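Try each task first, then follow the solution step by step.

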Amino acid sequence: MPTEVIMPQLGDSVSEGTVSKWLKREGERVEEFDPLLEVSGDKIDTEIPAPVSGVVLKILMPVGQLVTAGACLAVIGEAEEMVERTETKVQSNIALPAVVMTNNGHSSEYTGYVSPVVARMVAEHQLDLGQINGTGRDGRVTKKDVEGYLAETPALPASNKNEKTALSKTDAVITPQPRPTASIPEGVGELVPLSVMRRTIAEHMVRSKLQTAPHATTVFEFDMSAVMAHRKANKEAFGKQGVNLTLTAYFAAATITALQSKRYVNAQWTDEGIYLHNTVNLGIAVALDEGLIVPVIKNAGDLNLLGLARALNDLTTRARAKQLKSDEVQGGSFSITNHGVSGSLLATPFINLPQSGILGVGLV
């Protein structure tokens, strides 16, 4: 009997993702637990394994398709089995009431479904779904559609937010301000399409450096002799417990001690005041072939050097194997990035918003 491959919940707060790559084709055999496809979320790419062994009878979600948890991605069975399924099973959708808007004398109506993420964004920004061009299946408004609409529509003053719907109903026209675009140059070359991760990294860097957080860089030099001696004396003992004792574990331990004594660094800015975190959730930047990812050691202050080294080994290994969950790259209160592995002495890393600072480690 054919088995459906169901889109899993990528995290406690992540219920959708975009199909970025199929690792198997229709008609190709796959073994149970082998990677079947990759799904891109906001920050990570996740490999979805095959739930059973068999032949990929039907791929139901093409590359680039936004899918929600519970959607049927593909069907696996035996070669002689037929697949008659034409509709996909999609859960976690929210039906919104019809929204009728008037824009320059023309009415538009949205009666479709949106994911919980989109519903939350619409409520938060008090948006009119009827004014957003849906590019999803059957005209569905997706998260990218909302983000694009927000990026191209001038922000209204706070006092006018409640007037937005009223304005639209009186034929008020909001003229989008297009963002500058970089055209593809003429000549000999090739265009490499942006992955979801690359595009997300670019957006976050621009927002961090140019739109939100003023950056100031301070450089210190440290004598690492004591650390090197301690590592040499303890590396073998750690190895017997299955843990690779890296220098990053020492940087993490020192950072945690510093953050616990200087709480205003382990904090974030809000319009109401500075929010001080009671725990240290330490992000550690991990370089991948396709970009950079920052998994987070939650409650890092509860761990000794052995615990930190073990957590680092686990997170970096799973990050490179695309086995992280979305929740494991969220909620950081401070980050560390090690640019010294390439021989760099000095660098000015970008702050990982909404955090207040980042430690860049140069050549040891």
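**Exercise 1. Confidence**

What is the mean pLDDT of the protein, and what percentage of its residues reach 70 or more?

Solution. Start with the ground rules: this is a predicted model, in which local features need pLDDT of at least 70 and side-chain atom pairs count only at pLDDT 80 or more, while totals for chains, interfaces and linings use all residues. Residues are numbered from 1 along each chain as its sequence is written, and side-chain values use heavy atoms, with hydrogens and water left out.

- Step 1: pLDDT is the predictor's confidence in each residue, from 0 to 100. The mean for the protein is 80, and 79% of its residues reach 70 or more.
- Step 2: Where pLDDT is low, the predicted coordinates should not be read in detail.

**Exercise 2. Overall make-up**

How many helices and strands does the protein have, and what percentage of its residues are buried?

Solution. 

- Step 1: Count the elements, taken as DSSP runs numbered from the N terminus: helices (H or I) of at least four residues and strands (E) of at least two. The protein has 7 helices and 20 strands.
- Step 2: Buried means under 20% relative accessible area, exposed over 50%, and partly exposed in between (1.4 Å probe, protein chains only). Of the 364 residues, 37% are buried.

**Exercise 3. A strand with two partners**

Which strands are joined by bridges to β2?

Solution. 

- Step 1: Strands pair if DSSP finds at least two bridges between them.
- Step 2: β2 is joined to β7 (residues 66-68) by 3 bridges, and the two run antiparallel. Here Glu 16 stands opposite Thr 68.
- Step 3: Another 4 bridges link β2 to β4 (residues 35-40), again antiparallel. Val 19 has Val 39 of β4 as its bridge partner.
- Step 4: In β2 (residues 16-22), 5 of the 7 residues are buried, so the strand is largely enclosed by the rest of the structure.

**Exercise 4. The largest nonpolar core**

Which element gives the largest share of this core?

Solution. 

- Step 1: A nonpolar core is a set of buried Ala, Val, Leu, Ile, Met, Phe, Trp, Tyr and Cys residues joined through side-chain atoms within 4.5 Å.
- Step 2: The largest one has 34 residues, and those touching the most other members include Phe 238, Leu 245, Ile 297 and Leu 324.
- Step 3: Helix α7 supplies the largest share, 8 residues.
- Step 4: Apart from this core lies another, of 18 residues, with Trp 22 and Val 39 among them.

**Exercise 5. Two buried residues**

Is Leu 288 buried or exposed, and which residues does it touch?

Solution. 

- Step 1: Leu 288 lies in strand β16 (residues 286-288). Its relative accessible area is 16%, so Leu 288 is buried.
- Step 2: Leaving out residues up to four places away in sequence, Leu 288 touches Met 197, Ile 293, Ala 319 and Arg 320.
- Step 3: Now try Asn 313, in helix α7 (residues 305-320). At 18% relative accessibility, Asn 313 counts as buried. Its contacts beyond four places in sequence are Gly 242, Val 243 and Asn 244.

How values were computed:
Contact means heavy atoms within 4.5 Å.
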